[in-house]
Amino acid sequence: MTTKQAKLKLSAADDAVAQLQEARAGAGIVLPSLDADFASPYLNLVELGRVRADVAVKLAEVVRRGTT
């Protein structure tokens with residue numbers, strides 16, 4: 001994989017992070033470790049990190065509302 005290909009995939013992860021940051025901010029949810037995973041850029045992963053149980057419950061509630 002070339003560096004250019006890795007950057008393209010990283011850009012997709014960065015875009016996903018930006019979209020999730022915007023959505024979670026609108027829902028009042030804090031994900032303190034939300035970021036693109038730089039350890040494996042070719043996999044295009046997003047690190048959601050660890051959150052308190054109450055934040056996980058609030059996130060679940062927001063997802064449920066969006067699916068009904």
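Student: Why is D54 called partly exposed?

Tutor: In this predicted model, D54 has a relative accessibility of 46%.

Student: What makes R52 exposed?

Tutor: The relative accessible area of R52 is 56%. Exposed means over 50%, so R52 is placed in that class.

Student: How do you know that R52 forms a salt bridge with D54?

Tutor: The closest N and O atoms of R52 and D54 are 2.9 Å apart. The cut-off for a side-chain nitrogen of Arg and a carboxyl oxygen of Asp is within 4 Å, so the pair counts as a salt bridge. The structure holds one salt bridge.

Student: Why is E47 called partly exposed?

Tutor: E47 has 40% relative accessibility. That value falls between the limits of 20% and 50%, so E47 is called partly exposed. E47 is placed in strand 2, residues 46-47.

Student: What makes D14, D15, D35 and E47 a patch of negative charge?

Tutor: Asp and Glu count as negative, and D14, D15, D35 and E47 gather on the surface. Like charges are joined within 9 Å, and a member needs over 30% relative accessible area.

Student: Which residues form the nonpolar patch on the surface?

Tutor: Y42, L43 and L45 form it, with about 290 Å² of accessible area together. Nonpolar side chains, Leu and Tyr among them, are joined within 5 Å. Y42 lies in the loop between strand 1 (35-36) and strand 2.

Student: Why is Y42 called partly exposed?

Tutor: Its relative accessible area is 47%. Exposed requires over 50% and buried under 20%, so Y42 is partly exposed.

Student: How many helices and strands does the protein chain have?

Tutor: Two helices and two strands, running α-β-β-α from the N terminus. Of the 68 residues, 16% count as buried.

How values were computed
Residues numbered from 1 in each chain as written. Predicted model: local features only at pLDDT ≥ 70, side-chain atom pairs only at ≥ 80, totals over all residues. Heavy atoms only, no water. Areas by Shrake-Rupley, 256 points an atom, 1.4 Å probe, with all protein chains shown as cover. Charge placed at Lys NZ, Arg CZ, Asp CG, Glu CD. Helix = DSSP H or I, 4+ residues; strand = E, 2+ residues; numbered from the N terminus. Buried < 20%, exposed > 50% of the residue type's maximum accessible area, 1.4 Å probe, protein only.
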